[in-house]
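The sequence and structure come first.

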Amino acid sequence: MADLSWPILLVAIGLILVALAVVFSFIPVGLWISALAAGVRVPIITLIGMRLRRVPPHRIINPLIKADKAGIDVSLDKLEAHYLAGGNVDRVVDALIAAQRAEIPLTFERAAAIDLAGRDVLQAVQVSVNPRVVETPVVAAVAKDGIELRVKARVTVRANIDRLVGGAGEETIIARVGEGIVTTVGSAEDHKAVLENPDSISRVVLNKGLDAGTAFEILSIDIADVDVGRNIGAQLQMDRAEADKNIAQAKAEERRAMAVAAEHEMRARVQEMRAKVVEAEAQIPLAIAEAFRQGRLGVFDYYALRNLQADTEMRASLAGGGGREEPPSGQPTERGS
């Protein structure tokens, strides 16, 4: 019997150890002891309830210990409710501690709302204490004299805790500053005046109240760099002159095409008139024959007409070929009429 008691005893001890391991894995006794040692009294049944609600106890107890040591009064239920809502409990407690050290009025409800809104509440508190410098991209603006200026600015902002929920972000600040730079440079009569006094841009832009409706407060706007860009006015004049030239060329080409068309039309009309002349000349022999038949034209008259026609043709050939000079007027020709 003695030999059988030892294995049974070892099995019993093993089962007890396994049971204790399971219990201690479900019940965070170590975390409960740490909280008790830190002066934070948390009932063990509360830790078991967190396990049942699938809330990691260390995500709640450790921030609670941290808040208690910092002298911040926050309840366990609020921390657990914030965790269940999807918030970052540890970050909220760190933000409360940082705000307390910086003497910034910040309640747990406000910090939890900022965290649930998707903003980093700890970073917001840090920016409230230590303002951040936001550098704008290069902003191109054109003065009234047509010269382009490329301006880069540095904006010093401080987080406004009261407007973090619902307030616009840094992108809005950068866009508004860029708009103010374009307006200020565009209203300048000469780009040299802007180059001489770049602080005029920051003064005008700062007085516009660009931080309205944003989660930040603009402390200063400093012009980091101003460069001279292209001569936009001259470029526009060149483009306008080129466009005018193209329009003039198009109109000239249109007039030339119209002139060519009119020339072709006149040639067609000349050909038409020549055709009419040829048609009229074709009627002459018919008229002569008709005159012979009616007795209005004799043979001698016909030969005189032919002689005159031959003489005219000879004179025309001599004049066109540069031959003999025509005889003076009144002298008979070779074929006298």
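Helices (H or I, at least four residues) and strands (E, at least two) are DSSP runs, numbered from the N terminus. By that assignment Glu 242 and Lys 245 both fall in helix H12 (residues 232–294), 3 residues apart, about one turn of the helix. The model is predicted: local features need pLDDT of at least 70, side-chain atom pairs count only at pLDDT 80 or more, and totals for chains, interfaces and linings use all residues. Residues are numbered from 1 along each chain as its sequence is written, and side-chain values use heavy atoms, with hydrogens and water left out.

**Annotated segments and nonpolar patch**

An unreviewed UniProt entry places the feature "transmembrane region" at residues 7–27 and 33–52; UniProt positions follow the numbering used here, feature names are shortened, and annotations may be inferred rather than shown by experiment. Residues 33–52 are 70% helix and 0% strand, with 20 Å between the end C-alpha atoms.

A nonpolar surface patch consists of Trp 32, Ile 33, Leu 36, Ile 44 and Ile 45, which together have about 430 Å² of accessible area. Patches take residues with over 30% relative accessible area and no salt bridge, joining like charges within 9 Å and nonpolar side chains (Val, Leu, Ile, Met, Phe, Trp, Tyr) within 5 Å. Accessible areas come from the Shrake-Rupley method with a 1.4 Å probe, and for residues only the protein chains shown count as cover. Helices H2 (29–37) and H3 (44–52) each supply at least two patch residues, and H2 gives the most, with 3 residues. Ile 33 lies in H2 and counts as partly exposed because its relative accessibility is 46%. Here buried means under 20% relative accessible area, exposed over 50%, and partly exposed in between (1.4 Å probe, protein chains only).

**A buried glutamate**

Glu 80 belongs to helix H5 (residues 76–84) and, at 6% relative accessibility, counts as buried. Apart from neighbours within four places in sequence, Glu 80 is in contact (heavy atoms within 4.5 Å) with Met 50, Arg 53, Val 55 and Ile 60.

**Strand pairing**

Two strands pair if DSSP finds at least two bridges between them. Strand S3 (residues 147–159) runs antiparallel to strand S1 (residues 132–135), with 4 bridges, and Val 134 stands opposite Val 155. S3 also pairs with strand S2 (residues 139–142) in the antiparallel sense over 4 bridges. S2 and S3 form a hairpin with 4 residues between them, and Gly 146 in the turn has a positive phi of about 90 degrees. With strand S4 (residues 216–231), S3 pairs in the antiparallel sense over 12 bridges; Val 151 has Val 226 as its bridge partner in S4.

**Salt bridges**

The structure holds 18 salt bridges, each a side-chain nitrogen of Lys or Arg within 4 Å of a carboxyl oxygen of Asp or Glu.

| Pair | Distance |
|---|---|
| Lys 78 and Glu 109 | 2.8 Å |
| Glu 217 and Arg 158 | 3.1 Å |
| Glu 242 and Lys 245 | 3.4 Å |

Lys 78 and Glu 109 meet in a salt bridge. Lys 78 lies in helix H5 and Glu 109 in helix H7 (residues 108–116), so the pair ties together parts that are 31 residues apart in sequence. Glu 217 forms a salt bridge with Arg 158. This pair links S4 and S3, 59 residues apart. Glu 217 is partly exposed at 30% relative accessible area, and Arg 158 is partly exposed at 29%.
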